[in-house]
Amino acid sequence: MSSLQFDIAHLLAGSLVLASFMMLYQDRLYALLNVYALHAGVLALSVAWQAYVQQAPHLYVTALIALVFKAIIIPVALHRIIKKLGIHREIENVIGVGLTMMAGIGLVALSMVVMLRVTPGADALAREDLAFALSVVLLGLLIMVTRRNAVSQVVGFMSLENGLVLAATGAKGMPLVVEISVAFSVLIAFIVIGIFLFRIRERFDSVDVQALDRFRGERR
Amino acid sequence: MSALRDIVSQGAQMSLVLGLAPLLTGFVRKVKARLLRRRGPPLLQPYRDLIRLMRKDVVLADNASWLFRVIPYLMFAGTWVAASLVPTFGNGLLFSWTADLIAIIALLGSARFFQALAGMDVGTAFGGIGSSREVMIASLAEPAMLITVFSVAMIAGSTQLAYVAEFMGSDAVGLRVSLGMAFVALTIVALAENARIPVDNPATHLELTMVHEAMVLEYSGRHLALVDLSSQLKLLLYVSLIACVFLPWGTATADASVAKLVSGALLYFGKLTVLGFLLAVFETSIAKMRVFRIPEFLGAALMLALLATLLRFVSGSL
């Protein structure tokens, strides 16, 4: 593998991590969704590049799924949901942006330390992909933890799943069936979550998940 | 003979930055005005302002100490030395062994320290508010700047600016994510440090937003001319820093002929024009931020710089 090929893979995976950070930075829902669409677009590019480098044509299908479902259909659907719920201006971070970013940097450093330690034998492309994928997953979890609004938690969950796809494409020999089933299970999860969103909204007049805590009788 | 040539080229560099700094500011102002469909002041207006201020008498506040009078000279000297250390048209200048990025940051930092002191010296409310805001911005911008420098230095293997520029111009660089992030981080830091629009707007005197202007409000005459000239030098310094680290093409090497030096200088003018134009476009397309949003903006720069360093570790350890 030439160094240019590796550099491009590194560039794409690195920009995926950067897009995750951009999602952490956003505090408007529409902007968050746009960045999520960008995130998925970068993922599709990255997967397509992996398909080219590994000469694995089935990965092109994965890239196409990422592009169509994650970068187009889900953001458009979420846009509609937000419009229906009328919550596009809600700003709902648990802690400040600066602290969240610092925590995110810590998570990225952690995932690099862990991944580069445990995979000294694997080839460079897979190692680097796994390290970035783990940090995208952890950043997705961080987005879910630091947001109160259910819609942005959904976005965090979706970006976490993007990290899983990145990890799966970095590891050679992942069968297509598994990828397609993962993609569809996420789509199903998205539909279920969408229905839940409307139910939560109906009952509590808000998609702030703190309302659920109060309903359960927990105090803060 | 070569010693004479070194002295001449270093002298040319020092007078070049001093002479060009007001022109760059004037150019950015002119482009901004044209983009807003105004005619704008002529390109040479900053020179005229400086000359006019030099001729005027200094008016000092009654309670201004000796520090207040000394500080403009200190600021100007520090910024000028720093600006003449950044390679502009040629790499192998006489002082390039001192052109360490950390030394340049330290020079700028001490100039800023004195400026903040001057803001508080007279004891007016505006000076105090300007100093406190300036120090808040500095406390966020300097770590970001240092970490950017570290990530660039880890790629190039040195904090020596001439060496970095030479390395960036060679083929050994390749395609790197870290460099892109470091570039964005350095741009954000440069905007904040030079009191450009999303962070500060020195063209207005609005007490809600003033940072730089509030600090220098008490200065007049030749003191004000020096303060203005050093802020213009600072803008030129950052623009040429970005040009020399990220767009190093055409910079003459240490043993270049005179023709190479001249073509390097012409290319340097071109880079300044392009970057100044981009700065004006950026400034007209964005709104001024609230003061309390600045930490987030600079936090993004810090985050990018840290991320660049981390990514550099990944690709370095593979």
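Is B:Arg52 buried, partly exposed or exposed, and what is its relative accessible area? B:Arg52 is partly exposed, with a relative accessible area of 41%. The model is predicted. Eight salt bridges are counted over all chains, and the largest nonpolar core has 146 residues.

- B:Arg52 pairs with B:Asp49 in a salt bridge whose closest N and O atoms are 3.4 Å apart.
- Both residues belong to helix H2 (residues 45–55) of chain B, where they sit three residues apart, about one turn of the helix.
- B:Asp49 is partly exposed, at a relative accessible area of 23%, and B:Arg52 is also partly exposed, at 41%.

- A salt bridge joins the side chains of A:Glu161 and A:Lys70, with an N to O distance of 3.0 Å.
- A:Glu161 has 3% relative accessibility and counts as buried, because buried means under 20%.
- A:Lys70 is buried as well, with a relative accessible area of 6%.

- The side chains of B:Glu283 and B:Arg196 form a salt bridge at 2.9 Å, N to O.
- B:Glu283 comes from helix H10 (residues 258–284) of chain B, while B:Arg196 is in the loop between helix H7 (177–193) and helix H8 (212–215) of chain B, so this pair ties together parts that are 87 residues apart in sequence.
- Both partners, B:Glu283 and B:Arg196, are buried.

**Salt-bridge network**

- Salt bridges link B:Arg112, B:Glu142, B:Glu193 and B:Lys234 in a network.

**Nonpolar cores**

- In the largest nonpolar core, of 146 residues, A:Phe21 and B:Leu161 are the residues that touch the most other members.
- Helix H9 (residues 221–246) of chain B gives the most to this core, contributing 17 residues.
- Leaving aside residues up to four places away in sequence, B:Leu161 touches B:Val86, B:Pro87, B:Ala99, B:Leu101, B:Ile104, B:Leu241, B:Cys244 and B:Val245.

Note on methods: Residues are numbered from 1 along each chain as its sequence is written. Chains are lettered from A and ligands numbered from 1 in the order in which they are written. This is a predicted model: local features need pLDDT of at least 70, side-chain atom pairs count only at pLDDT 80 or more; totals for chains, interfaces and linings use all residues. Side-chain values use heavy atoms; hydrogens and water are left out. A salt bridge is a side-chain nitrogen of Lys or Arg within 4 Å of a carboxyl oxygen of Asp or Glu. Buried means under 20% relative accessible area, exposed over 50%, partly exposed in between (1.4 Å probe, protein chains only). Helices (H or I, at least four residues) and strands (E, at least two) are DSSP runs, numbered from the N terminus. A nonpolar core is a set of buried Ala, Val, Leu, Ile, Met, Phe, Trp, Tyr and Cys residues joined through side-chain atoms within 4.5 Å. Contact means heavy atoms within 4.5 Å.
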